[in-house]
Amino acid sequence: MSKINCQCGHENPFGTVLCERCGRPQTTEAKQSETVDMRYEGSARRSQTYKRSIIDRIWNFFSSVKIGISIIVAVLVTSAIGTLFPQKLYVPVSTDADIAAYYERLYGVFGTIYYKLGFYDMYNSWWFITLVGMLGTSIIIASVDRVFPLYKSLKKQRTKRHASFMKVQRIFGEGSSDDPDEALGKAEEKLKSLRYNVKTEEGALLAEKNRFSRWGPYINHAGLIIFLFGILLRGIPGFYVDETMWIREGETRSIPGAPGYFLESKGFILENYTKDEAKEIYGEALDRVGSIAKNYQTDVALYKNKEGGLPGQSEHRKLEKEYSIIVNKPLTFDGYSIFQMDFRLDELKAMTFQLTQKETGKSLGEFTVDLVDPEDTYELAEGTKVKLLDYYPDYDGVENGEPVSKSPIPNNPAFIFEMVTPEKPDGERSFVAIRQTLETEENAYKVNFIKADTRDISGLTIRKDRTLYILLFGGIIFMIGVAMGSYWNHRRIWIQKGKDNTLLIAAHTNKNWFSLKKELNQVQDIAHLPAYEDRLDKESTSENLEGDQQ
Amino acid sequence: MALASISSNLLFVSFIAYLIATLFFGGAIKGGKAETTDKNNKWGKVAITITIIGFLCHIGYFITRWIASGHAPVSNMFEFTTAFGMMLVGSFILLFFLYRTPSLGLFALPIAIIIIGYASMFPKEITPLIPALKSYWLTVHVITAALGESILAISAVAGLIYLLKNVDLTKKSKQRFWLEAVMFTLVLVIGFVVSSTAFSIAGYEAKFTYIDKNEAPAKIEYNYPPLFGMHEYKALTEGAMEPIAEMPPIVNAKTLTTFVWSIGTGIVLYVLLRLIFRRPLAMVLQPFAKKANSQLMDEIGYRSVLIGFPVFTLGALIFAMIWAHEAWSRFWGWDPKEVWALITWLFYAAFLHLRLSRGWEGEKSAWLAVIGFIIIMFNLIAVNLIIAGLHSYA
């Protein structure tokens, strides 16, 4: 790979399009075109230079902006397909067969195809993750490929450029001047007042501002990489906890994912806006939609195991804090957050029964069964007791001659009681469910339902995410970079003396040519510079001429 | 109650002001020269003054409603869309003072007018906040996101002007077809506003019971004569029109009915306009774009994406993630609205990268800007009303 020697004597790396020092075009293509491609200052980029080995090919593939855009579009299209039908996460069933059936029932053939293709879990699919990985790779390689050559050539650029460089700029003007030196002096003064950095050299002037904005894209890409890196970290144990817990009023439970911590629910509160209490202004809306939820709240106490205390022993717990968890105000401690996510109202807590003699209706006493933690035997009096032989919290009919419970949650409790009385010391058996009593043979006694106590349950989510600060940091870096690159533009104006009292002007900016021209016009007015032309705007020159003729 | 009525009167005044300003911008273009300088003629000055008066009234609406309701008025479809219209006008004013091009006003204001008209078809009463929305992030996130979207939308306006000026409408081409399709879509939105207003003035309503997709009984009220019935519907209102067809449970037949009525009205309106002008609508509007400078419009399009993109990122992604973490325990959950915000972001990221390649300036860039606006509108309208998710608050 030989170096490219420019006529000015500067030695450029292989692959250079415009001489780093004087700006002379080096390639035949650059020499022939009317305006030159100023991206990356015509510097030698790895991807444009080496094309031999596999590594070169991979590098070139990912450094291409076109490939980058294709990956962005691919992510965009797959993301959009994923919103066609609800994702697995939002489907109210859990087993694979149920999910398949759900899509088929609601969306027919399309639902089945959607399920079969794996689109129902699009964002966890290997191809989606691969696409995001490719995007990350592309961001890194494309940035590295450009930022170093760009930095070098902006650093090496000389004030005096060769005329051939000036002539291929988008904004270029050439004309005679009465006093080129005076014009240059006035231009320098005006440019400085417009906050340009002005450098001069042998009858040439380079005014430059906001070069830092050229680094904006690379900084925002770095921010994106930090963000993607943060997401990768979630795979490491201890960095990320995502658990849910259901807690009943009055219960104390260990917090899943947060060893050593316990949570007690002191009560769940659900409030609605009512016409009487809410602001008068809401009346119309409440009339139209009925009730509107106002607040979901779980009052809790947080406990921590004492140093050296055995788990499960309540006397070894220390109260950490009492708090009301409401939506948008999670409980936070030791890097964890607990969120109010869901609730169930009026779960059965306990049922109170009465043991009565059928014939006389006489009561032998009452007993209360705790539906979460029932006792084996309820003593009512001397020689009178009720034994709980079997308990089905969520009774769901009889299978193979045995009653079955479909869950451990007391939605539909059923019991097999053995009633021991002085009259029947061997005991009588009875199956009791809601609105149902079954006896194997005619009994003398029965268990009567008296009342039920209910309580609410709170659905809470426990999160710990040590990556959040990394993600936030990535986001801030991205915003800094994107603002730098979007709200400032790198502008350069070259003015230099040509042959025989002529002046050459050229200007370049990476964005926002309109403002550059406005500034150039101000300099032109004061320093009487020759007229320039914007070679990409053919309209305004021709239309101005038409206007003049009218 | 008084404050709320002041609020809606201010909104009405701003609506009228935008209508008048549009006429003056039209005058500014007719009397003006080609737009290459940053000098303005008299008509242009009057037009921008009226626009600013309208904008101030619009801000007045926003503030008084905020005071009356006790929260930032961006909590439902009416409020959000009205605020979006307001910010669109604000973004236009910003870019007008950067570039001084009356043609931008002539096209941006009618779009803002259509958006405000569309907004007022939704329930307008002040609603209390549900628990998930009770956070200062509602104010911060929604306002920043809407501001970003509205600046991005200006690039579509510039793009539309560029296309109207540069697409050859005398010859049959794909470009001519799609440009007319954009005009047709705008007429459809007007069709929705017209039909919805007509039936609401007539006070039409029909109530039904039906079985929803989770096989539970539910009730629904139509404001349009029901063309389509919900799954296993039964009429509650006597003498109401019998639906023509019953829909499966996943289809919201009410939305479908509204949609079909709007399309129908839109088509009638479009045909009427074609009969009156005897030309495609793009051709009717073309003379108004002829004074614009293509290079300048291309630059306004690019510049507004440059200004809007960081604001959109901050509001619709970063603030959104922070709030989502606080309210829903996760910063990202692939909710349709979230995904469509990401899609919008990716689209404009692709737009910005394409500008680096040769040949993607000018016409192609203008088309992309128009498509970007369609994506933003899709996220606002379709994702809210059709694809249900956590953000369905209309």
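Predicted model: local features only at pLDDT ≥ 70, side-chain atom pairs only at ≥ 80, totals over all residues.
Biologist: Now the helices α5(B) and α11(B). Why is α5(B) called oblique to α11(B)?

Modeller: Look at the angle. The axes of α5 (residues 136-166) and α11 (residues 363-385) of chain B cross at roughly 135 degrees and come within 8 Å. Roughly perpendicular stops at 115 and roughly antiparallel means over 145, with the rest counting as oblique. That angle therefore makes α5(B) oblique to α11(B).

Biologist: And is the crossing left-handed or right-handed?

Modeller: Left-handed, as α5(B) passes α11(B).

Biologist: How do you know which residues meet there?

Modeller: Contact means heavy atoms within 4.5 Å. On the α5(B) side, the residues in contact include B:Leu152, B:Ala156 and B:Leu163, and those in α11(B) include B:Trp367 and B:Phe373. By class, the contact has twelve nonpolar, two polar and two charged residues.

Biologist: Over to chain A. What makes β7 and β10 edge strands?

Modeller: Check the order: the open, antiparallel sheet runs β7-β8-β9-β10. β7 (252-254) and β10 (317-326) of chain A each have a single partner strand, so one side of each is left without a neighbour in the sheet. On average, neighbouring strands there are turned by 25 degrees against each other, direction ignored.

Biologist: How do you know that β9(A) and β10(A) really pair?

Modeller: Pairing takes at least two bridges. β9 (residues 292-305) of chain A has nine bridges to β10(A), running antiparallel, so by that cut-off they pair.

Biologist: Which strands stand at the edges of the five-strand sheet in chain A?

Modeller: That open sheet has the order β14-β15-β18-β19-β20. β14 (377-381) and β20 (436-438) of chain A are at its edges, because each has a single partner strand. Inside the order, β15 (residues 384-392) and β18 (residues 414-420) of chain A pair antiparallel over seven bridges, and A:Asp390 stands opposite A:Ile416 in β18(A).

Biologist: Last one: what joins β16(A) to β17(A)?

Modeller: Three bridges, with β16 (residues 395-399) and β17 (residues 402-405) of chain A running antiparallel. The two strands form a hairpin with two residues between them, and A:Asn400 in the turn has a positive phi of about 50 degrees. A:Tyr395 stands opposite A:Ser405 in β17(A).

Key:
Residues numbered from 1 in each chain as written. Chains lettered and ligands numbered in written order. Heavy atoms only, no water. Helix = DSSP H or I, 4+ residues; strand = E, 2+ residues; numbered from the N terminus. Axes fitted to C-alpha atoms, helices over the stretch in contact; angles between N-to-C directions. Parallel < 35°, antiparallel > 145°, perpendicular 65-115°, else oblique. Left-handed = near helix turned anticlockwise from the far one by under 90°. Nonpolar A, V, L, I, M, F, W, Y, C, P; charged D, E, K, R; others polar.
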